[in-house]
Amino acid sequence: MQPSRIWSEIDLQQEGKATGYLRVPISTNASAYGWIPVPVASIKNRSGPRVLLIAGSHGDEWEGQIMLIKLIQSLQAQDIQGHLIILPGANAPAVAVGQRVSPLDDGNLNRSFPGDPNGTPTMMIAHFIETVLLPGCDLVCDFHSGGSSLEYLPSTVIVAPKSASQLCQSVDLLRVFGLPVGFATDASTGADRSLTGACDRVGTAACLSTELGGGGTVSRNLLRAAEDGLARVLHHIGVLTAAPRARRLGSTQLLYRVRPNDFVYSPANGLFEPLASLGDTVSDGQQAGRIHFTEEPWRTSVTVNFGKGGVVLCRRFLARATLGDCLFNVGRAWTPE
């Protein structure tokens, strides 16, 4: 692949702690030779695992952004053994406006890999992550939530690896992180254009993701749980030298999310009335919700049903729905073999 056109203010290989920006070149009417700042931190101390922590791939998912901002401020080089690279707002233009995709190119970073060094800003960022940051990583943690339109049962997420040894390692990470639910999927909803697809192509890094609530807000308790979970994972793999402050409480329920074809989608434009809540156990064919018609209030509302039953992992947070919007998805009980 061609070399990236993005350059960094800091030496990403130097010992110690450094903070600054990745500079994404852009030329506009207002700035002929400008650059977009993408905040980055590098913390390196001696030999050890190399870990990439990413949040803000979607600009309206706040929990991971806050968690990584706090981590940058709190960690010093002497606290770790190995190398942490932290991108708290990876799709910086989307983060700046609090939207899922970039206002510059409508780019969804988690649908843009492997990217293009000569493409739009989002494509250039994806290319830099895949070709410069990912190689040599032992672990990638990619922090997501439901954003402004969805709400998730707080979960850690993996794409189920093909080999038994990789599956065992990934499930172990789900349990160490310690959220109440960990779920696996056949593939990311972004398929090979997602960060997990990039990890597969690079071939060295396990990829652990999250769905930390959503609904356009931040839960104090969930943020604390995620911070503690990340500390446990980093200590578990040998990066954090001090034992984390909080032990994992209870067990993690393991689920396998149904495929996107089996999500529940809105059949029309209207107001969405949910008939199930996050964490509910629902059965095949059970009523999921209704769509009501504000422009024709005399029109009979449309009921939508779950195709496959399971535990409700995700629901649409916004009441206004349009044809094709995801309303629910579920996970089914899973025992890794």
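Predicted model: local features only at pLDDT ≥ 70, side-chain atom pairs only at ≥ 80, totals over all residues.
Before you start: residues are numbered from 1 along each chain as its sequence is written. Local features need pLDDT of at least 70 and side-chain atom pairs pLDDT 80 or more, while totals for chains, interfaces and linings use all residues, and side-chain values use heavy atoms, without hydrogens or water.

**Stop 1: Val97.** Select Val97 in helix H2, residues 92-97. Helices are DSSP runs (H or I) of at least four residues, strands (E) of at least two, numbered from the N terminus. Val97 is partly exposed, because its relative accessibility is 43% (buried is under 20%, exposed over 50%, partly exposed in between, with a 1.4 Å probe and protein chains only).

**Stop 2: Thr252.** Go to the loop between helix H6 (220-236) and strand E11 (253-257) to find Thr252. Is Thr252 buried or exposed? Thr252 is buried, at 10% relative accessible area. Show the backbone oxygen of Leu179: a polar side-chain atom of Thr252 lies 3.0 Å from it. Leaving out residues up to four places away in sequence, Thr252 touches residues including Leu174, Arg175 and Pro180 (heavy atoms within 4.5 Å).

**Stop 3: the largest pocket.** Select Arg100, Arg111, Tyr152, Thr189 and Glu211. Of the 34 lining residues, these lie nearest the centre of the largest pocket. Strand E10 gives the largest share of the lining, four residues.

How values were computed
Polar contact = N/O pair within 3.5 Å; in protein donor to acceptor, adjacent residues only side chain to side chain. 1 Å grid on protein atoms, 1.4 Å probe; cavity = no way out; pocket = protein on both sides within 12 Å on 5 of 7 lines; lining within 4 Å.
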